[in-house]
Amino acid sequence: MTDRARRGRVVSIEAAGDLQDSNVLVDEVSPERHLHARQELKQLGKALRLLPPRCMEVVWLRKVDGISQNEVAQRLGISVRTVEFQVQKGMRILAHALFGEDEGTRSTAPGETETRESEDGTQ
């Protein structure tokens, strides 16, 4: 019985070969979709320019280049804690600029330094 069930799940190689001949485009980009993507990219560029220079550098290295926190810290000569702080700060500013937030969910305006911690992550 288990052999029968196993054989029932096997897919014929010939059936898979027929898929290669279909030449169907899976993801055509419509003009509307292309325009929307360009508009989102411009909006993201404006939001990134709201970040302080060091914060933008840290966010770019972590989120765009995908570099680890330790490597970013070493490259920039800052602590890992500072990298964490700058990424959090940058993501808050970006989220506010791109999506907005309800009243009362922020204690500071975008780009301002929070009073609890300095820009280098110390208290």
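In what order do the elements of the chain run from the N terminus on? The elements follow the pattern α-α-α-α-α-α, and the chain accordingly has 6 helices and 0 strands, where helices (H or I, at least four residues) and strands (E, at least two) are DSSP runs numbered from the N terminus. The model is a predicted one, in which local features need pLDDT of at least 70 and side-chain atom pairs count only at pLDDT 80 or more, whereas totals for chains, interfaces and linings use all residues. Residues are numbered from 1 along each chain as its sequence is written, and side-chain values use heavy atoms, with hydrogens and water left out.

Of the 123 residues of the chain, 22% count as buried (buried being under 20% relative accessible area, exposed over 50% and partly exposed in between, with a 1.4 Å probe and protein chains only).

With a salt bridge taken as a side-chain nitrogen of Lys or Arg within 4 Å of a carboxyl oxygen of Asp or Glu, the count comes to 2 salt bridges. In one, Arg54 pairs with Glu57, their closest N and O atoms lying 3.8 Å apart; these residues are 3 positions apart in helix α4 (residues 53–64) and therefore separated by about one helical turn. Arg54 is partly exposed at a relative accessible area of 34%, and Glu57 is likewise partly exposed at 36%. In the other, the side chains of Arg75 and Glu71 meet at 3.4 Å, N to O, both residues lying in helix α5 (residues 69–76), 4 residues apart, about one turn of the helix. Here Arg75 is exposed, at 52%, while Glu71 is partly exposed, at 36%.
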